[in-house]
Amino acid sequence: MRRSYDRGFHPPAPVLEATVHGPDGRSRKIRAKLDTAADVSGLPRELVDELALPPARRVRTTTFRGEPAQARLHRGDVVVAGRRFVQVEWLPIARPYALLGRDVLNDLVVRLDGPALTTEVLRR
Amino acid sequence: MLVTGDGAWSGWPHGRAHSSPSTRHCRMMSNMVARIVTIRDLKARVGNLVARAAAGERIIVTRYGTPRALLTSCEAGQPVSSSVRAKPVRGARDFDREERAFERLLRQGWLDTHRGRYVAVHRGAVVDVDADAPALVRRVGQKLGRRVFFVGFVGLEEPQVDLPGQEMR
């Protein structure tokens with residue numbers, strides 16, 4: 001499966017289409033930017049509320065200023081590139097798109113072709 | 001570490017609210033991730049709570065069910081960001097209750113055998129344990145579906161996580 005980088009980002013960014021599922025069977029499609037620096041994935045807070053994703057745990061982190069902080073993670077399934085990831089932890093974020101962290105990406109084989117601006121999810 | 005408070009906030013958590021800056025600040029903090037304790041809890045566990053606040057946790061102290069003060073680190077004692085939630089999270093109350101149960105079990109020493117690992121608490125009891133938090137959430141989440149549980153770390157040095165997009169500003 002191959003997909004062009006999203007040119008709405010500057011510079012263009014690798015994105016995949018994701019379908020997030022709530023506990024009551026509702027689901028929503030959303031574009032998801034790949035974020036290999038993130039330990040967990042992020043989802044717009046409005047979507048977390050809309051799908052009623054239940055909270056799961058708090059995590060300790062450090063802000064970009066180096067200040068200690070805490071965040072609450074929610075849980076919900078997501079389908080990316082035809083693969084279903086069960087009970088992924090989501091941080092509610094103030095963005096209109098999702099961010100896929102290494103908790104999801106480490107289970108995928110992804111080829112980023114920067115010059116061609118394409119993302120390809122390969123079969124294992 | 002910093003303690004702030006004005007005791008002037010009625011309507012916890014959904015009722016009328018005064019509009020003083022400190023009140024708005026306190027309400028916004030309550031919608032962020034924050035631990036809520038009573039004055040009695042504060043007296044009984046002041047050392048533990050101060051250590052948590054100094055480590056970055058925000059603790060709201062209530063009296064007769066009304067938030068009266070905010071206990072937080074000196075570094076965090078500044079205006080909250082625009083990324084604060086505007087409305088309560090569904091399941092948050094159950095989540096907070098399970099978290100309090102986790103704290104109680106921790107305090108009473110029931111979790112000592114799980115040091116260095118994560119435990120999942122549901123209906124006030126430990127339902128599963130794992131060294132890998134996402135794996136534990138996945139397993140218990142599959143089992144419990146939409147029912148709320150809390151996953152907490154047993155030990156002093158909980159691993160930190162890098163969040164997507166550095167949203168916690």
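Predicted model: local features only at pLDDT ≥ 70, side-chain atom pairs only at ≥ 80, totals over all residues.
The contact involves 41 residues of chain A and 46 residues of chain B. The size of an interface is often given as the accessible area lost when the parts come together. For chain B and chain A, the buried area is about 4,100 Å², with carbon and sulfur atoms giving 53%. Two salt bridges are found across this interface. In a salt bridge between Arg58(A) and Asp96(B), the closest N and O atoms are 3.1 Å apart. Nine residue pairs, with both residues at pLDDT 80 or more, are in polar contact across the interface of chain B and chain A. On the side of chain B that touches chain A, two or more residues each come from α4, α5 (133–144) and β7 of chain B. The most come from α5(B), which gives six residues. By class, this side of chain B has 15 charged, eleven polar and 20 nonpolar residues.

At least two lining residues are supplied by each of β5 (55–62) of chain A and α3 (46–54), α4 (92–107) and β7 (150–153) of chain B. With five residues, α4(B) gives the most to this lining. The lining of the second largest pocket divides into 13 charged, nine nonpolar and five polar residues.

Terms used:
Residues numbered from 1 in each chain as written. Chains lettered and ligands numbered in written order. Heavy atoms only, no water. Helix = DSSP H or I, 4+ residues; strand = E, 2+ residues; numbered from the N terminus. Nonpolar A, V, L, I, M, F, W, Y, C, P; charged D, E, K, R; others polar. Contact = heavy atoms within 4.5 Å. Buried area = accessible area lost by both parts, 1.4 Å probe. Salt bridge = Lys/Arg side-chain N within 4 Å of Asp/Glu carboxyl O. Polar contact = N/O pair within 3.5 Å; in protein donor to acceptor, adjacent residues only side chain to side chain.
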